[in-house]
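Me: I've got a protein model open and I'd like to learn how to read it. Can we go through it step by step?

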Amino acid sequence: MTTGGHDPNQNPEDGKQFPPQDPYGQQGTPPPGSYPPPAGPPQGGSYPPPGGYPPPPQSGNYPPPGGYPPPPQGGSYPPPGGNYPPPGGYPPPPGGGNFPPPPANDYGAGFGGPQLSVGAALSYGWERFKNNALTWIGITVVAGLISFGINLLFGGFDFSTDGSTSVSALSIIGGLVSIVVSILIQAAYVRGALHEVDGNKPAFGSFFQFSNIGAVILASILVGFAVAIGIVLLIIPGIVIAFLTYFTLQFVIDQDQDPVTAIKSSASVISKNVGPLLLLALAAIGINLVGALLCGLGLLVTGPVTLIAGTYAYRVITGRFVAAL
């Protein structure tokens, strides 16, 4: 029975009563094992796709696999950044790479400096002689003719029939002149060898391009006296002195040292390099002995070769060598 107003449980069309809207029974509690119906979808019914990810873009333009952007049109990639050297890890040579060609044989100059050894010295001496052989043979022949002419002019020593030796004033003068000429010839050889080590082919006049003639003569005389005294003292001291003073003329001519200083300089540098220089000296003696056996003609080759080899060794141990080949 209603008293006014509209009953929510009554159908307005037929007046029938509906049961109260209590889905869980009259007490308002669900029966055991019952759950309320799931809540309806939100207004509009739009759920995100499974997994909670946003939907793909409508165009479907995904990046290529690997996460890299697509290449530019035409597939032309720009060169990598940074100035990388060419293959091999070495930068290109400066100045366009216009370097002079390497020498045919630098005798160790490209590996920490020239080598002080018998092989390197004799090889160097032979190469330099071979490239200027006619000049060296010519100066040797001229030197021999000059020495022979002086001895013939002054007569040398007069040997009498009884075995005694008579000494005249002319023979004394001739002996002194012969000594001086021999010293100057030896100095000329040294000057020519220094030219060769400097990379210059000496002409005939180049052998006599030294001005300190007095120092050359005095240094040679002092060395000669010292060696003679050493020979008298059981020979071996003379050999040692001759070995230690071998570079005396090189120091006088090349570095313009006075005779005493040159002798000291020679003894100093040789005593610090005894091993290789002694082997070189023995090799030079053996080579010249072989040259002398060939009627002395072999000395035209072996003499200059061993002299240039010795001068090469002098420049190496004094730090004044320049690779010229």
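Me: What share of the contacts in the protein chain with a separation of 6 or more comes from residues 24 or more positions apart?
Reply: Keep in mind that this is a predicted model, where local features need pLDDT of at least 70, side-chain atom pairs count only at pLDDT 80 or more, and totals for chains, interfaces and linings use all residues. Residues are numbered from 1 along each chain as its sequence is written, and side-chain values use heavy atoms, with hydrogens and water left out. Contact means heavy atoms within 4.5 Å. Among contacts in the protein chain with a separation of 6 or more, the share from residues 24 or more positions apart is 62%.

Me: In what order do the elements of the protein chain run?
Reply: Helices (H or I, at least four residues) and strands (E, at least two) are DSSP runs, numbered from the N terminus. The protein chain has 9 helices and 2 strands. Reading from the N terminus, the order is α-α-β-β-α-α-α-α-α-α-α.

Me: How many of the residues of the protein chain count as buried, as a percentage?
Reply: Buried means under 20% relative accessible area, exposed means over 50%, and partly exposed is in between, using a 1.4 Å probe and protein chains only. The protein chain has 325 residues, and the buried part is 27%.

Me: Why is the pair of Trp136 and Phe207 called edge-to-face?
Reply: Rings of Phe, Tyr and Trp (its six-membered ring) pair if their centres lie within 6.5 Å; planes under 30 degrees apart count as stacked, over 60 as edge-to-face and the rest as tilted. A search of the whole structure finds 8 aromatic pairs. For Trp136 and Phe207, the ring centres are 4.9 Å apart, and the pair is edge-to-face because the planes are at 85°.

Me: How far apart in sequence are the parts that Trp136 and Phe207 tie together?
Reply: Trp136 is buried, with a relative accessible area of 0%, and Phe207 is buried with a relative accessible area of 0% too. Trp136 lies in helix 2 (residues 133–154), while Phe207 lies in the loop between helix 3 (169–197) and helix 4 (213–232). The pair therefore ties together parts whose distance in sequence is 71 residues.

Me: Tyr246 pairs with Phe247, but is Tyr246 buried, exposed or partly exposed?
Reply: Tyr246 and Phe247 make an edge-to-face pair, 5.4 Å centre to centre with 65° between the planes. Ring pairs also link Tyr246, Phe247, Phe251 and Tyr314 into a cluster. Phe247 is buried at 2% relative accessible area. Tyr246 has 42% relative accessibility, so Tyr246 counts as partly exposed.

Me: Which residues does Ser266 touch, not counting those up to four places away in sequence?
Reply: Look for Ser266 in helix 7. Ser266 is buried, with a relative accessible area of 0%. The C-alpha atoms of Ser266 and Leu249 are 8.9 Å apart, although these residues are 17 residues apart along the chain. Leaving out sequence neighbours up to four places away, Ser266 touches Leu244, Thr245, Tyr246, Phe247, Thr248 and Phe251.

Me: Is Thr140 buried or exposed?
Reply: Thr140 sits in helix 2. Beyond its neighbours within four places in sequence, Thr140 is in contact with Tyr189, Leu300 and Pro304. Its relative accessibility is 17%, so Thr140 counts as buried.

Me: How many of the residues of helix 9 are buried?
Reply: Helix 9 reaches 26 Å from its first C-alpha to its last, close to the 27 Å expected at 1.5 Å a residue; the expected span is 1.5 Å times one less than the number of residues. Helix 9 is largely enclosed by the rest of the structure, because out of its 19 residues the number buried is 15.
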